[in-house]
Amino acid sequence: MLAREDPDLKDLASRIHTLYFLATPHRGSGFSKIFANILNVSYGQKPFVAELSRNSESIASINDSFRHLAGDLQLWSFYETDPSNLVVTQAVIVDKTSATLGFPNEKSYPLNADHRGVCKFFRQTDPNYQTLRNTFSTTIDRISLDSNTTTSQASASLLTCYRFEIFVTYLKTPT
C-alpha cells in the first residue's frame, strides 16, 4: 500500500502483479487473546497483537484502503482447514471468512494444514506445496501472456519457478 501511495516508489508499485496471502487474518481472529498470552510468556508483551482481534478497527481500515489500491492486482488467498493445538482446545486460527478479502480479483483455496503448517513443506509431493507451486506457475503464465514476452523472457520465468522450488525445498528440509 505504501509503495502505491508514495510517488518515489511508483515504479516499484507498478511491478507488483500478484500477492499471495497464506492464512492472513484479514478480519482478525477470535484467538488473538490466547496468542497475546503465549507471546507475553515467551517474548514479552507485544502491543500489535491486540489489533488482531475480530472486527479490529485497524484491520478494517487497512482492508478498506487496500481495496482502493488493489484493483489491478491478482490476489490469491489460502486458508487453513486443520485445527491448531491450543493450550486447552483445538481450533482453526484463521478461518476462510477471515483469510479471504472478498475482492473480485481474489481467488481463494484451502490448504490442508493448521495455522503453523500452511507455509511448511517437507516434500515436493506435499499437496499444499503443489497447490502453491501451481498458483505460482499460473501467475508466471499470466504475466507472460499479459506482457507478450519473448521466448527468452518466458524461459527466465520458468527458471524463476524452478529456482523457487529449489529455494522452498532448501528452506523446509528437516534437520
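Patches here are made of residues with over 30% relative accessible area and no salt bridge, where like charges are joined within 9 Å and nonpolar side chains (Val, Leu, Ile, Met, Phe, Trp, Tyr) within 5 Å. A salt bridge is a side-chain nitrogen of Lys or Arg within 4 Å of a carboxyl oxygen of Asp or Glu, and accessible areas come from the Shrake-Rupley method with a 1.4 Å probe, with only the protein chains shown counting as cover for residues.

This is a predicted model, in which local features need pLDDT of at least 70 and side-chain atom pairs count only at pLDDT 80 or more, while totals for chains, interfaces and linings use all residues. Residues are numbered from 1 along each chain as its sequence is written, and side-chain values use heavy atoms, with hydrogens and water left out.

Begin by selecting L9, L12 and I16, which make a nonpolar surface patch of about 230 Å². L9 lies in the loop between α1 (2-5) and α2 (10-14); helices (H or I, at least four residues) and strands (E, at least two) are DSSP runs, numbered from the N terminus. L9 counts as partly exposed because its relative accessibility is 33%, given that buried means under 20% relative accessible area, exposed over 50%, and partly exposed in between (1.4 Å probe, protein chains only).

Next, select S14, which is placed in helix α2 and counts as exposed at 57% relative accessibility.

Select strand β2 (residues 74-80), which is joined to β5 by six bridges and to β1 by five; two strands pair if DSSP finds at least two bridges between them. At S77, look for S108 in β5 standing opposite, and for F21, which also stands opposite S77.

How many residues of β2 are buried? Seven of the seven are, so β2 is largely enclosed by the rest of the structure. Q74, W76, F78 and E80 point one way from the strand, whereas L75, S77 and Y79 point the other way.
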